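Okay, thanks for coming, everyone. Let me put the structure up, and then I'll walk you through a few spots in it.

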Amino acid sequence: MFGGPEKEPGEVKDDDAERKFDLYKYDGIKALQMRQTEYAVKCFGEALKIRPDVETLDYMSQALVRMGRFEEALASLEVVRKLLPRSEQVLRRMGHIAYMAEDYDRLALLASQAVELNEQDGYACLMAAQAAQGQGRPEEAAGWLDRALALDDSLRDARLLRARLLTAQGDLRAAEADVQQLLDAQGDDEDALLLRARLCARQGRVEEARAAYVALTEANPFCEEAIQELERLNLLNIEH
């Protein structure tokens, strides 16, 4: 009397599948938050057997990245791309994973697609620079980085990569200018502090180098590179 109209058998079946989907999906999210990554992947896999879902595929890619299963993570996001073919964010996520995997050919292809989608996207230019640098074309990478920062001055990774390239090319003054901008934006940026220390050391500014290394070890007492390089700097100073 109070239950309303009876449902058709197909509707009941659909409701049951949707309940199972929600159960698997949200169990997976909870497991991912608790760092139970393998169980999260199993849950997301069961949910995706029921139906494709952009959010679930995204969570699946995050879980797979945590496990170092980069190719599978990219495959998961390829499905998202089919559902959202003009999403710049999806291309960025895929580019980041390809960069982590050091798959520079894949990254170059994704960067090309991102630039084609939006040539005014600074992050797409950063992806192109990372691909060129990984493929051993530093001059091309520098050009893409200049373009990326002209479009978006706040791109931290673009500025850091450009500073590293400038350092490798011996243009230490220009590299220091980029490092200073990074530190002005975030004073405890570990990568920028490490690069500043190295730049100072290369120019014989021992006390400044030491101060930069000390600042870095204070920010992160477990930074092995800073500890070792500071010890080496102190040893060289004693010897001279």
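Predicted model: local features only at pLDDT ≥ 70, side-chain atom pairs only at ≥ 80, totals over all residues.

Numbering starts from 1 along each chain as its sequence is written, and side-chain values use heavy atoms, with hydrogens and water left out.

Two packed helices are described by the angle between their axes and the distance between the axes. The axes here are lines fitted to C-alpha atoms, for helices over the stretch in contact, and the angles run from 0 to 180 degrees between N-to-C directions.

Let's begin with α3, residues 54-66, and α5, residues 88-100: they pack at about 15°, and their axes are 12 Å apart. That makes α3 roughly parallel to α5; the cut-offs are under 35 degrees for roughly parallel, over 145 for roughly antiparallel, 65 to 115 for roughly perpendicular, and oblique for the rest. The crossing of α3 and α5 is left-handed, meaning that the near helix is turned anticlockwise from the far one by less than a right angle, while clockwise would be right-handed.

Who touches whom? From α3 we have Asp-58, Ser-61, Gln-62 and Val-65, and they meet Arg-93, Ile-97 and Met-100 in α5. Contact here is heavy atoms within 4.5 Å. By class, the α3 and α5 contact has three nonpolar, two polar and two charged residues. For the classes, Ala, Val, Leu, Ile, Met, Phe, Trp, Tyr, Cys and Pro are nonpolar, Asp, Glu, Lys and Arg are charged, and the others, Gly among them, are polar.

The class count for α11 with α12 is 11 nonpolar, no polar and four charged.

Okay, single residues. Asp-178 is in α10. Buried or exposed? Asp-178 is buried, at 3% relative accessible area, where buried is under 20%, exposed is over 50% and partly exposed is in between, with a 1.4 Å probe and protein chains only. Its side chain makes a polar contact with the side chain of Arg-162 at 2.8 Å. A polar contact is a pair of N or O atoms within 3.5 Å; within protein, one must be able to donate a hydrogen and the other to accept it, and residues adjacent in sequence count only if both atoms are side-chain atoms.

Arg-162, over in α9, residues 156-169, also makes a side-chain polar contact with the side chain of Asp-146, at 2.9 Å.

Leu-107 sits in α6, and at 0% relative accessibility Leu-107 counts as buried. Leaving out neighbours within four places in sequence, Leu-107 is in contact with Gly-95, Ala-98, Tyr-99, Met-127, Gln-130 and Ala-131.

Last thing, backbone. Most residues other than glycine have a negative phi, and most peptide bonds are trans. Arg-35 isn't a glycine, yet has a positive phi of about 65°; you'll find Arg-35 in the loop between α1 and α2, exposed at 61%. Then there's Glu-102, also with a positive phi, about 60°, in the loop between α5 and α6. Glu-102 is exposed, at 58% relative accessibility.

That's my tour, so over to you.

Conventions:
Helix = DSSP H or I, 4+ residues; strand = E, 2+ residues; numbered from the N terminus.
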